Amino acid sequence: MTTLADRLRASTFPEHVVAAWNAAATRWNPIAAIVAACAVLTGPLVFFRGYNSDEGLAVSIARSALEDGEWLVPHMFNLRWVERPTLLSWIIAAISAPFGGVSQITARLPVVLFVLLGCLLIYALLRKLSASVPASLIGVALFLACPLVIRSNVMITADLPLAVLLFLAFFLWWSGFEKGSLGFGRWFAVGIVLALAGLLKGPQPLAYFALGVGLYVLGSRSWRQIPGLVMAGLICALPLAAWYAAIYTPGDEGSWAAFMRVRPATQLPGPLAASFKTAAEMLPAVLLAAAFLIAQAFGGERVAPRRFVAAAACYAFTAAIVVLFWPGGSLPRYFLPMLLPLCVFGGLGYDLLAARRADIVAPVLLLTAALLAYALVLSLLSPFLPLRYRQAEIDAARVTALVQKAPATNYRTGDTGLNGPPYVPGRIRNATPD
């Protein structure tokens, strides 16, 4: 490895890689390039990737809201499901209502829009920090190239939208703090965004903002922010508390405790395994972000305000450490809110290191390009990979043919067919074999 590093430093290849990225990044309108990249990487999947993993849960809840009027209390067909609020399903149902039912396109569209919003927020924050256009776009590229995002960029789960909304709250807070204009209106907007984030997946993930920004406020002795932080917390808590109170029936505590992993029903990987797996899942951003933070720690040139680096680090890592040691273990998707600030650090790292240490930056650029090419190939080949992308839809087509021959109520037992039933028309009910 030492010999390889010496050869890279002695050659001009890293400089050529950096120069090629600088030329490509300044050739087109950056916003148009971001929109086009998101469209190409996600568009085919919206149409051709069938429901997989646990996507059928959110789709079934949205379908039940439309068919049975079960909006406030989430239902999976006739089965009450109250582990957490389900804002994503409500959004899907609202978008699908004018079209007469939930489709694959209307179900995936909200997640794609959240991916685009995440990209635009990373770019906007880096530009606010005076980062160059190539650095700002590399921050976006690190986000889209992340293996965790490649798997989640059209997946109908709340994890990615939640991470983007939490980052939006941080963006709004920092923008006001930087200008010295953290007034009532700004904190009110932060509270609304946090309320929406809480309605996606319950109150626990809000700790990324609450603990991160709270620690920075205490550490920097910004006492004037405390009333605003408390007000945003109250604005966030009210709709969450109202929902839990409205749907509560005795016995729900067990479901909530299991979901929040206070009393975990299954054991997930422990801190050591989870940290390595999460780092691998966020690999492109982790590499450049680590290089930036190490350089800053050892007195490197300042390309961003010191207080921003401290605030973003508090936001990224404080709650992540708590999650890492949470009872019952953790999964990489629990750390998605950490990814967006890492991508911002990566963009800042590009500006800091590209000119002086191209041998560090060039391998990250090549890895990012390789992962984006992989994501592009998967997206473009999705129409030709039916067994990989549309198995649930193929299975559902067989059921639909039988239903059309003998129309009647369809019954689903246990955990059977989570992703197939959303494709099947007609009334569906959960039942025991009896």
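This report walks through a predicted model of one protein chain, from its overall build down to a few single residues.

Some ground rules come before the tour. Residues are numbered from 1 along each chain as its sequence is written, and side-chain values use heavy atoms, with hydrogens and water left out. Since the model is predicted, local features need pLDDT of at least 70 and side-chain atom pairs count only at pLDDT 80 or more, while totals for chains, interfaces and linings use all residues.

## The chain as a whole

What is the chain built from? There are 20 helices and four strands; helices (H or I, at least four residues) and strands (E, at least two) are DSSP runs, numbered from the N terminus. The radius of gyration is 23 Å, close to the 22 Å that the globule rule gives for 434 residues, so the chain is as compact as a globular protein of that length. That radius is taken over C-alpha atoms, and the globule rule is 2.2 Å times the number of residues to the power 0.38. Along its principal axes, the C-alpha trace spans about 75 × 55 × 40 Å.

Buried residues make up 51% of the 434 residues. Here buried means under 20% relative accessible area, exposed means over 50%, and partly exposed is in between (1.4 Å probe, protein chains only). The chain exposes about 19,300 Å², and carbon and sulfur atoms supply 69% of that area. Those areas come from the Shrake-Rupley method with a 1.4 Å probe; for residues, only the protein chains shown count as cover.

Contacts come next, where a contact means heavy atoms within 4.5 Å. Among contacts between residues at least 6 apart in sequence, 78% join residues at least 24 apart.

## Two helices that pack

Two packed helices are described by the angle between their axes and the distance between the axes. Helix 7 (residues 133–145) and helix 17 (residues 336–353) pack at an angle of about 145°, and their axes are 8 Å apart. The axes are lines fitted to C-alpha atoms, for helices over the stretch in contact, and angles run from 0 to 180 degrees between N-to-C directions.

Which residues make this contact? Helix 7 brings Pro134, Ala135, Ile138, Gly139, Leu142 and Phe143, and helix 17 brings Leu339, Leu340, Cys343, Gly346, Gly347, Tyr350 and Asp351. They divide into nine nonpolar, three polar and one charged. In this count, Ala, Val, Leu, Ile, Met, Phe, Trp, Tyr, Cys and Pro are nonpolar, Asp, Glu, Lys and Arg are charged, and the others, Gly among them, are polar.

Leaving aside neighbours within four places in sequence, threonine 368 is in contact with Ala141, Leu142, Ala145 and Pro284. Threonine 368 is buried, with a relative accessible area of 3%.

## Around helix 4

Serine 64 sits in helix 4 (residues 55–68), and alanine 62 is found in helix 4 too. Are these residues buried or exposed? Serine 64 is buried at 0% relative accessible area, and alanine 62 counts as buried at 0% relative accessibility.

Not counting residues up to four places away in sequence, serine 64 touches Gly69, Glu70, His75, Met76 and Phe77. With its own neighbours within four places left aside, alanine 62 is in contact with Ser89, Ile92, Ala93 and Val102.

## Pairs across the sequence

Some residue pairs can be listed by their separation along the chain and their C-alpha distance.

| Pair | Apart in sequence | C-alpha distance |
|---|---|---|
| Alanine 62 and phenylalanine 77 | 15 residues | 9.4 Å |
| Isoleucine 192 and alanine 232 | 40 residues | 7.7 Å |
| Asparagine 153 and valine 46 | 107 residues | 9.6 Å |

Isoleucine 192 belongs to helix 10 (residues 184–201) and is partly exposed, at 36% relative accessibility. Asparagine 153 lies in the loop between helix 8 (147–152) and helix 9 (159–179). At 6% relative accessibility, asparagine 153 counts as buried. Its contacts, not counting residues up to four places away in sequence, are Leu41, Thr42, Leu45, Val111, Val112, Val115 and Leu160.

Most residues other than glycine have a negative phi. Arginine 221 has a positive phi of about 55°, and arginine 261 has a positive phi of about 60°. Where do they sit? Arginine 221 is in the loop between helix 11 (207–219) and helix 12 (225–247), while arginine 261 is in the loop between helix 13 (252–259) and helix 14 (271–281). Arginine 221 is exposed, with a relative accessible area of 64%, whereas arginine 261 counts as buried at 9%.
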